[in-house]
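This report describes selected features of one structure, shown below, and takes them up topic by topic.

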Amino acid sequence: MNNILLEKHVNTNGSSNIELKKIFQKNQIIEYLYRIGPTSNPEIARYTKMSSPTITKLLQELIDLDIVMDMGIGESIGGRKPNLFGINPNARYVIGIDIDCRMVKLGIFNLANDAVSEIITYFGNVKNKNEMFIELFSQLDKLLATANLDPEKFLGIGVSIPGLINSKTGQTYLDLRIDNQTLPEVFQEKYHLPTVIDSDSRVMAIGEQAFGFAKNKKDVLCLNICDGVGLGMILNGIVYRGKSGLAGEFGHINVVKDGNLCTCGKYGCLETVASGGALIEQAQQGIKKGQESIIKEMVKGNLDDIHVADIIEAVNTGDVFAIEIINKLGHFLGEALASLVHIFNPEMIIVGGKVALAGDYLINPIHNTLNKYTISHIKKDTELVTSFLQDKVKLLGSVAMVMNQVFDESVEEMKFL
Ligand SMILES: [Zn+2]
C-alpha cells in the first residue's frame, strides 16, 4: 500500500493512467473499512494520506457501486459529530473450506466475516482423493445452489489442508491433484474463482491473527494439535513459510531416541508421543493392559472406535487414566516448546486443535514443563493460552487468507475491483 507498490501496480498494467490510480485508492479505502469497521472521512485520510475531497469523491463512487454504505452521524469524541462510512457486508463473498484429516467444513462468508450460508460439516477421508473431490464438489455445488448469490460477487476460495504443502506452487504432500492439476487449479477450473491454499497450521495462524488472540501481536506461535502436530509461526507480524513454504513441521522433530515409527517414515518424532494419534494409541494400549477407564465403556469395549473427543470427554469427567495420558502429552509438548521459546522469544503461544479442548488439563503440564526447561527471563514474556476460536479457526482462517490476498497489491489473481 505504499508508493513503491503503487508505482509497480501502475507500471505493470501498462500506461500510468488516472483510472488505475483511482482503483488503487478505492482498494485502500475498502481495505481500511473492511479491517477497521465504520469510520469517518478524516480517519480514512489519516490512514491513506489522501486528501479529504478525494476521499469524499471516491466514497461516493463506492456508494454508487453498492460497496460502501453511508452510516449516518456517529458519536463525537470532541468537536463536530462525524459522518460514518462502512463496508456493505454483502458487497462480496468468500468461500472457506477446511479439509481436516477426517472432517471437512465449508461455508460462504460475507465482508463482515459472517456465514451467509449453512456451514456444511461432514466426514471425509483425504487419503482417498477421488472420493474426496467428488464429495467436496457435490457439497460445494449444493452450498452454492442453496445460497443462490450473485456469482459476480465472489472474491475467491480459501482452502485449509493438512500435511506438507507449498502454498506458492500449490504442491501438496497428500498429492491432492486431478490429471496433474494442483488443488488451486482444480478449483479455479471448476468454479472460475481464484483459489488459495495453505497448510492447516498456517491457516490457524492466519485465523488467530485476523480474529483471535494473535490480533495486533507480532510474535506468536500457534500450535495445532490434531491427528498430528503442526506449528504456525507469526514472526514480526508475518506468517512465516520458509524457503519452500514447508516451515512449521514441528511434529517431526526427533524427541525419542529409537522411538516409534512416525507417519513421515522417521522414528521418534514428537508426533509419535504428543498428538491426537498418539493419544488414541496410548489409550488403546493402556486399556488393553487392564487399565481402568471410562473410555472403555464409552466405546462399548471396541477400542478401535476410540476418538480424541472420547478421551477429552473422559478427561473432563475426571477419569484418572485419561488425565494421566493428557498430562504426559503436555510434558512432551512442553519440552519441545521450551526450545522454541529460547529460539523465538514469542509473546504468546496459542494452543489449538482438537486436543486443546482438554483446556487446563493440557495447558498446566505444558506450563510446568516450560517453567522447568526455559530460562525464566525469556519465559516470563511468553503467555500460554488455548484458542477461543476452537474448531472455527481454520474455516475463518481460510476466509482471512483470501482477504489478505485480495488486499495484497503484489497478487494479481485476486482483486476487489
Ligand atoms: Zn515424523
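Is C269 buried or exposed? In this predicted model, C269 has a relative accessibility of 1%, and because the limit for a buried residue is under 20%, C269 counts as buried.

An open sheet of three strands is arranged in the order β1-β3-β2, and its pairing is antiparallel. The edges are taken by β1 (39-40) and β2 (68-73), each of which has a single partner strand, so one side of each is left without a neighbour in the sheet. Between β2 and β3 (residues 83-87), which run antiparallel, there are five bridges, and G72 has L84 in β3 as its bridge partner.

Helix α2 (residues 18-36) packs on this sheet and touches β1, β2 and β3, with its direction at about 90 degrees to that of β3.

## Nonpolar cores

The largest nonpolar core comprises 48 residues, and those with the most contacts inside it are I29, L59, I67, L111, L155, I350 and F416. Among the elements that give two or more residues to this core are α2, β3, α4 (52-64), β14 (348-352) and α14 (393-406), and α14 gives the most, with nine residues. If residues up to four places away in sequence are not counted, I29 touches I44, M50, I55, L58, L59 and L62.

Apart from this core lies another, of 45 residues, which includes L270, I280, V308 and I326.

## Helix α10

V308 belongs to helix α10 (residues 308-316), where V308, D310, I311, I312, A314 and V315 are buried. The cover over these buried residues includes α8, α9 (294-298), α11 (320-344) and α12 (360-373). After α10 comes G318, whose phi is positive, near 90 degrees.

Conventions. Residues numbered from 1 in each chain as written. Predicted model: local features only at pLDDT ≥ 70, side-chain atom pairs only at ≥ 80, totals over all residues. Heavy atoms only, no water. Pairing = 2+ DSSP bridges. Helix = DSSP H or I, 4+ residues; strand = E, 2+ residues; numbered from the N terminus. Contact = heavy atoms within 4.5 Å. Axes fitted to C-alpha atoms, helices over the stretch in contact; angles between N-to-C directions. Buried < 20%, exposed > 50% of the residue type's maximum accessible area, 1.4 Å probe, protein only. Core = buried A, V, L, I, M, F, W, Y, C linked by side-chain atoms within 4.5 Å.
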